[in-house]
Amino acid sequence: MKKSIQSLLAALLLVFACNTAFSQTYNNLWIPDTLAGPTFNLAIKDTFKQIVSTGQQTITGGINGNFWGPTLIFNKGDEVHLNVKNNLNDSTTIHWHGMHLPAVMDGGPHQVIPPGTTWQPYWTVTNNAATYWYHPHLHEMTEEHITKGIGGLIIVRDNIESALALPRKYGVDDIPLALTDRDINNSNQFVTVPYGDSMLVNGTLRPQYNIPAQVVRFRVLNGAIERSYNLGFSDNRTFYIITSDGGLLNAPVGVTRYVLHAGERVEILVDCSGQQGTSVDLKAFNSTLSNFVAGGESFVGGPFANYLGHLDFRILHLNIGAQTANPITAIPSALTNNVLINEADADITRHLTISDSTGVPGILGPNAFIINHHLFNINYNDYHVPLNNTEIWEITSNSIFGHPFHIHDVEFNILTVNGAAPAAAQAGWKDVVFIPGRTGNTPSVVRFIAKFEDYADSLHPFMFHCHISLHEDEGMMGQFVVTGSTPTGVNEVQAKDFTLYPNPANNRLYFNFADASTTAYYVKIINAVGKTVYMLPRPQLQSGLDISDLAPGMYMLQFTDEKTKVTTTKKFIKE
Ligand code: C2O
Ligand code: CU
Ligand code: CU
């Protein structure tokens, strides 16, 4: 008897040891910290991280950490203030993907933050509750900066979402999943190429995570350079999509597969009730993707080598454990009541084109894909959108390849994809829409509708582009300005005339305007050697500028007037 207990114990130990050895092939999924506002301090830096479990650390870029960045929690209606300090050796930008905000705060290619500079955008959050993200957007450098790992998620909360019985315990039953893949070379370094050989979730290789046996919410971002992921579970269970990019759907949409393209987000609910002690994998079923959807190709060599191409692979191993207190155990039947834009209200239809710029079939060289027959030109605006316009954008693609098309400033409603109404999971607010490749000689046509109801600004355009960073960097991007009424009766000399006081100043620098109605479009503070230390879009000057962080010395203050856009420079001394 005693002997058999001993051998039973030995057998159990063996099983335990095997399990341990097995689970060591996984790494525990890293969950980014959250930051709550209204002020958010983000410091971007070059750093390194032990991404591969053995050998050298990987050179990375991170925000407040060593890969990726914190998850920002915004509440709809709040005025949020971001202090973005660029500690890289390179210029970069940070774009708030999906946020509706003034173009000068948008962080696109026009809002370049030089090294050592702090950029301080702020805006009032008007977006619906959903998952958004932030990432670099410097023209021709986006792929490289995203590859380093710079970026982060944004969670917007609002009253409608908060009133629903949805999982909301961050990292417990509400889990952020930033999906991407990287090519990791023999010295454990990232290579800047569109497709990786290794799947990463929140920067973790071969991740596993423990989830409770109840309804669990995943906020899934496709943060890849190029690859689309055909999401599904290893047991083919149904999961429920509750958001499109920019808000809740009217009701959860049950699916077993869902293709998420670069830049898109989807929040899903997965019911794990009664499954304690089991495990399941979230997978990419990419063997079913066509050759003309990113990740469906299977090139084995060359610059587009794609080791995970046209394959099914694991994204995340999930161990289902005990329930939490007050678990959510049911999938809600209704979520919200979206009032979509009426097609009949459109003021104009804009016709955009996507095409392949090379004439050689099958050989896609540099600048392979273009919008409106031209490469991106940072000084050319494709459109002047009159303030308050409701517009249909009709995108006709002759490209052989599918492209996830993204527009800044607005969330839109998809009207048709090749003549058909959008899938149920996309019949809400979107900011990325997949434009399928042509079929034979028949181009694809996608139509969406959006309203441009505020933030007119003649100087700073908004972007639209393919969200495959490689294509975007190669020039598959255009821009538009939203134009308001031109101001009349402005006295230019008066509007820009001001003095700074006290001078020398210590902690705060105040403005005395000759014309009290003067408002600032932009203020830059430049040090004695000509380096921009602060970039302040539309600063609120009533209570002065906080200059307590400046080193003592002489500075130039460059003031751009809101009405006239005239720039004036004044000197001041910081004590
Ligand atoms: Cu997510 Cu213009 O970008
Ligand atoms: Cu964007
Ligand atoms: Cu593209």
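Colleague: Which domains does the domain assignment give for the protein chain?

Modeller: This is a predicted model. Its protein chain is assigned domain 1 (31-158), domain 2 (164-335), domain 3 (343-483) and domain 4 (493-574). Taken over C-alpha atoms, the centres of domain 2 and domain 4 are separated by 47 Å.

Colleague: How should I read the pairing of strands in a sheet?

Modeller: Strands of a sheet pair through backbone hydrogen bonds, and the sense is either parallel or antiparallel. One case here is an open sheet of six strands in the order S1-S16-S24-S23-S18-S21, whose pairing is mixed.

Colleague: Which are the edge strands of that sheet?

Modeller: They are strand S1 (27-28) and strand S21 (258-260), each of which pairs on one side only. The partner of S21 can be followed residue by residue: strand S18 (residues 229-233) pairs with S21 in the antiparallel sense over three bridges, and Tyr229 is found opposite Leu260 in S21.

Colleague: In which sense do strand S25 and strand S28 pair, parallel or antiparallel?

Modeller: Strand S25 (residues 348-356) and strand S28 (residues 389-397) pair in the parallel sense, over seven bridges. Within this pairing, Leu352 has Ile395 in S28 as its bridge partner. S25 also pairs with strand S26 (residues 369-371), here in the antiparallel sense over three bridges. In that case Ile354 stands opposite Ile371 in S26.

Colleague: What describes a pair of aromatic rings?

Modeller: Two values are used, the distance of the centres and the angle of the planes. In this model the count comes to 31 aromatic pairs, with ring centres within 6.5 Å as the rule. One of them joins Phe452 and Phe480 in an edge-to-face arrangement, 5.6 Å centre to centre with 85° between the planes.

Colleague: Why does the pair of Phe452 and Phe480 tie together parts that are 28 residues apart in sequence?

Modeller: Phe452 lies in strand S32 (residues 444-452) and Phe480 lies in strand S34 (residues 477-483), so their pair ties together those parts, 28 residues apart in sequence. Phe452 is buried, its relative accessible area being 0%. Phe480 is likewise buried, with a relative accessible area of 0%.

A tilted pair is formed by Phe498 and Phe513, at 5.8 Å centre to centre and 55° between the planes. Because Phe498 lies in strand S35 (residues 498-501) and Phe513 in strand S36 (residues 508-513), this pair ties together parts that are 15 residues apart in sequence. Both Phe498 and Phe513 are buried.

Colleague: Which residues form one aromatic cluster with Phe452 and Phe480?

Modeller: The cluster also includes Tyr383, Trp393, Phe405, Phe412, Phe448, Phe462 and Phe464.

Colleague: Which charged residues lie over the face of a ring?

Modeller: Lys49 lies over the face of Trp30, at 5.1 Å from the ring centre. Arg237 lies over the face of Phe233, and there the distance from the ring centre is 6.0 Å.

Colleague: Let us turn to the metal. Which residues are the protein donors of the copper ion (ligand 3)?

Modeller: A donor is read as a residue together with its atom. The protein donors here are His403 through ND1, Cys466 through SG and His471 through ND1, lying 2.0 to 2.1 Å from the copper ion. Their spacing in sequence is H-x62-C-x4-H.

Colleague: Are Cys466 and His471 buried or exposed?

Modeller: Both Cys466 and His471 are buried.

Notes:
Residues numbered from 1 in each chain as written. Chains lettered and ligands numbered in written order. Predicted model: local features only at pLDDT ≥ 70, side-chain atom pairs only at ≥ 80, totals over all residues. Heavy atoms only, no water. Donors = N, O, S within 2.8 Å, 3.2 Å for Na, K, Ca; no water. Buried < 20%, exposed > 50% of the residue type's maximum accessible area, 1.4 Å probe, protein only. Phe/Tyr/Trp six-rings, centres within 6.5 Å; stacked < 30°, edge-to-face > 60°. Helix = DSSP H or I, 4+ residues; strand = E, 2+ residues; numbered from the N terminus. Lys NZ or Arg CZ within 6 Å of the ring centre and 35° of its normal. Domains from an automatic or database assignment. Pairing = 2+ DSSP bridges.
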